[in-house]
Amino acid sequence: MRGPTEKAPDPVVSPLFVNAIHEELRGYAGDRAGDPRPCPNCESTERRKNGSQREPKTVARLVTDEGIEDVGVAVQQYECTACGRSYQGDLSGLFYPDCDYAKPVVDLCRFHAAERSPTACERLLRRRYGLQVNRDTVERYAERFDEPPERRPVEIAGYTYSLSFLAELFGDGDAEDPPGFVLTSHRGLW
């Protein structure tokens, strides 16, 4: 059985755009995620911090010249002072339950999977965004959610991008308030 073949970046998509996405996603590296929550065992709110998980939770996998780079966050652990159980903090601000990647990446997969096959999405994410998401994972995300993905497309140099994804990375996370960049020409950074 052959493994996946190396896919070249799209020559029309500027490496500056991909690098900007990578730098924004790298901003999560080293962060600690996991807000306080009640104990899942006894519902007590009496807790103390108890370090972090050994392995970071993956925010995204970046495709770089050196290969695949994982960007992750440390997951805050808590210990319930009532029952002694150790548990992880609330990750719902950054991750959907049981998803391998952070919300912006999952939403980006769903955005493109609405109009493309999982294989085409895997290729598109790698070429245009510099992100590695396996086609099986893309398919799982497309089928998993009951509500349709948010469709706020923006056209840049003949390509369709997710305004929600760009706003999450480069704006304040609100797609109603577009990111802080202006397109003045089709020959811009893109």
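## Briefing: confidence, a helix pair and cysteines

Over residues 178-190, pLDDT stays under 50, and the model has 20 contacts there beyond four places in sequence. This is a predicted model. The mean pLDDT of the protein chain is 85. Of its residues, 83% reach 70 or more. Two further topics follow: a pair of helices and the cysteines.

**Helices H1 and H3**

- Two packed helices are described by the angle between their axes and the distance between the axes.
- Helix H1 covers residues 15-26, and helix H3 covers residues 118-129.
- Their axes come within 8 Å and cross at roughly 100°.
- H1 is therefore roughly perpendicular to H3.
- On the H1 side, the residues that meet H3 are Phe17, Val18, Ile21 and His22.
- On the H3 side, their partners are Arg127, Arg128 and Tyr129.
- By class, this contact of H1 with H3 has four nonpolar residues, one polar residue and two charged residues.

**Cysteines**

- A disulfide is a covalent bond between the sulfur atoms of two cysteines.
- The structure holds zero disulfides.
- Cys39 is in no disulfide. Its nearest cysteine sulfur belongs to Cys83 and is 3.7 Å away, whereas a disulfide needs sulfur atoms within 2.5 Å.
- Cys39 is buried, and its relative accessible area is 0%.
- For Cys109, the closest cysteine sulfur is in Cys121. That sulfur is 7.3 Å from the sulfur of Cys109, so the two are too far apart for a bond.
- Cys109 also counts as buried, at 0% relative accessibility.

Key: Residues are numbered from 1 along each chain as its sequence is written. This is a predicted model: local features need pLDDT of at least 70, side-chain atom pairs count only at pLDDT 80 or more; totals for chains, interfaces and linings use all residues. Side-chain values use heavy atoms; hydrogens and water are left out. Axes are lines fitted to C-alpha atoms, for helices over the stretch in contact, and angles run from 0 to 180 degrees between N-to-C directions. Helices (H or I, at least four residues) and strands (E, at least two) are DSSP runs, numbered from the N terminus. Angles under 35 degrees count as roughly parallel, over 145 as roughly antiparallel, 65 to 115 as roughly perpendicular and the rest as oblique. Contact means heavy atoms within 4.5 Å. Ala, Val, Leu, Ile, Met, Phe, Trp, Tyr, Cys and Pro count as nonpolar, Asp, Glu, Lys and Arg as charged, and the others, Gly among them, as polar. Buried means under 20% relative accessible area, exposed over 50%, partly exposed in between (1.4 Å probe, protein chains only). pLDDT is the predictor's confidence in each residue, from 0 to 100.
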